[in-house]
Amino acid sequence: RAAAKEVTLLDYGAGNVRSVRNAIKKLGYSIKDVSKPSDIAAADKLIFPGVGAFGQAMDVLQQKDYVQPLVDYIQSGKPFFGICLGMQLLFEGSTESGGREGLGLIAGTVDHFDTSRGLPVPHIGWNTLDQLRASDLLASAAPSDRVYYVHSYRAMPQEANVDWVLATSYYGEDFVAAVCKGNAMATQFHPEKSGTLGLNILRGFLEPESAEARAAAADANARQLAGLAAPEGPDRGLAKRVIACLDVRSNDNGDLVVTKGDQYDVREKEGERDVRNLGKPVELAARYFDEGADEVAFLNITGFRDCPLEDLPMLGVLQAASERVFVPLTVGGGIRGFSAAGKDYPALTVAAEYFRSGADKVSIGSDAVLAAEEYYAAGCKTNGSTAIEQISEVYGKQAVVVSIDPRRVYVKDPAETKHTCVKASEPGPEGEAWCWWQCTVKGGREGRDIDAIQLAKAVEAMGAGEIMLNCIDNDGKGQGFDLALVDAVSKAVTIPVIASSGAGAPKHFTEVFQSTGAAAALAAGIFHREEVGIIEVKQHMAGNRVPARIAA
Ligand code: 1PR
């Protein structure tokens, strides 16, 4: 029968596979969902994006009677593509969820990354593929190309699974990046979040190529692999990420605009003091995707105002952006429990709505400060009820970012305060030589008696997976990041820290990566005003031996 542009999707309902759906649609295919075991056998091409924990996924597959049809399908030699947990489930088992058996098609047990190596887990970001053998499926990838990962468990290459392992990546140890045997392939990385390269890998799987065309592609891949030296130094391993951030709010006419403040003041300095308008959220996000941003973040900067869930303006923005942007999307502003129009909305419900609309991560600002205050008041004890803990428990810690909005407080003598002080890079307004960083809530409108380092440590203990570290003093100034702040916070926690506020030139990115432990750096104004391009930033980084993802 004629090859229809249709692919069957095994979405067992344990989580959000919106981005996989969007990527498939972007490639011109329609989706048939598996709703009963016989749909698996009837599929011509099957994509299996795993989400959630290993044990939970196996439970659902067993309850729905999908296990045997899935094994039979893969063994039948029909095209199969598993993603992330959808790859791990092919192995014999996993130590996740207290130790569980998997589908048993590939030898080996999936295990947690070895934390004794001191590397932050989850492994989040863009890493290179070390391709072990040629394949038509990775024909679009060059050896130094990077793909997007987010996971805490990994499978290891070993003698017994050489027939399957196609590529590995390195994160303190070599782990399995992609497997392939006959027409079955699966990746630990997320092709649907790996930019144009990821879409090309998926396209390579979906396109109904003839056996000759596939053999020719594999041949070309073999020649490419043989002709190029294996990447090393900064060209191999996890890249430092460059993130474009869009502060979004309604202007005085009620239009949703991307705005940008100066020390958080987003109104024009002159005239009617209108809200600055730097463009439309979805259009700008799409531009940043095309220009090679590693991630895009949207912050609803008036999210401290309560409004019914159905009216949250960012939901529509995310839905539209996720059809156009195939790198991770973060949304922040208003991620907390609230009541509006007589209804209660728990934080988890709010977050779920954003994940369903296309967010990969949510970013929590004000609510994290209040939660951290309670944490210290309770003698450094978590209580399980905070937004951070609840969202992290259900969606994984990689999905929870905490956005810190600190402001410098200058002191003449560190003995004046209980907070951690550092020598100020410039003296304060009255010649003070020291400063600490006071956390604020409601977009800098209210200062609290907790510093950025205390907050970072508390939210890490609660289960946050990443920190977006702003600095109100540097925001919009274009003078560079607050290096002392980024250094102090990244030394205080093991989770990745995103440096934010103050980027004015490519050299500021290189500088923050060379002199602090930041895993990513974020900018807004210079990108919106087209003063600096994302590619210029990446080239400056790469030219100075800072690992950067430079997309072809
Ligand atoms: O408190 O959970 O509702 O979250 C509110 C979110 O909105 C927080 O993440 C907070 O940082 C953000 N926010 C609130 N008010 C403002 C404002 O500008 N008036 N924006 C605001 C924060 C900071 C960065 C900015 C960088 C880089 N903006 O996002 O993009 O400073 O700017 P630059 O490169 O131009 O210097 P909640």
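How many residues surround the ligand, and which are the closest? Some notes on that and the rest of the fold:

1. First, a caveat: this is a predicted model, where local features need pLDDT of at least 70, side-chain atom pairs count only at pLDDT 80 or more, and totals for chains, interfaces and linings use all residues. Numbering runs from 1 along each chain as its sequence is written.

2. On the ligand: 32 residues surround it, the closest being Gly-365, Ser-366, Ser-403, Gly-443 and Gly-525. A residue counts as near if its C-beta atom, placed from the backbone, lies within 6 Å. At least two shell residues come from each of β15 (241-250), β21 (361-364) and α11 (366-377).

3. Now the core: in the largest nonpolar core, which has 170 residues, Val-179, Ile-467, Ile-498 and Ala-521 touch the most other members. Helix α13 (residues 452-462) gives this core its largest share, seven residues. Such a core is a set of buried Ala, Val, Leu, Ile, Met, Phe, Trp, Tyr and Cys residues joined through C-beta atoms within 7 Å; buried means 20 or more other C-beta atoms within 10 Å of a residue's own.

4. Overall, 51% of the 552 residues count as buried. The C-alpha trace spans about 75 × 55 × 50 Å along the principal axes of the protein.

Methods
A residue is buried if 20 or more other C-beta atoms lie within 10 Å of its own, exposed if 12 or fewer, and partly exposed in between; C-beta atoms are placed from the backbone. Helices (H or I, at least four residues) and strands (E, at least two) are DSSP runs, numbered from the N terminus.
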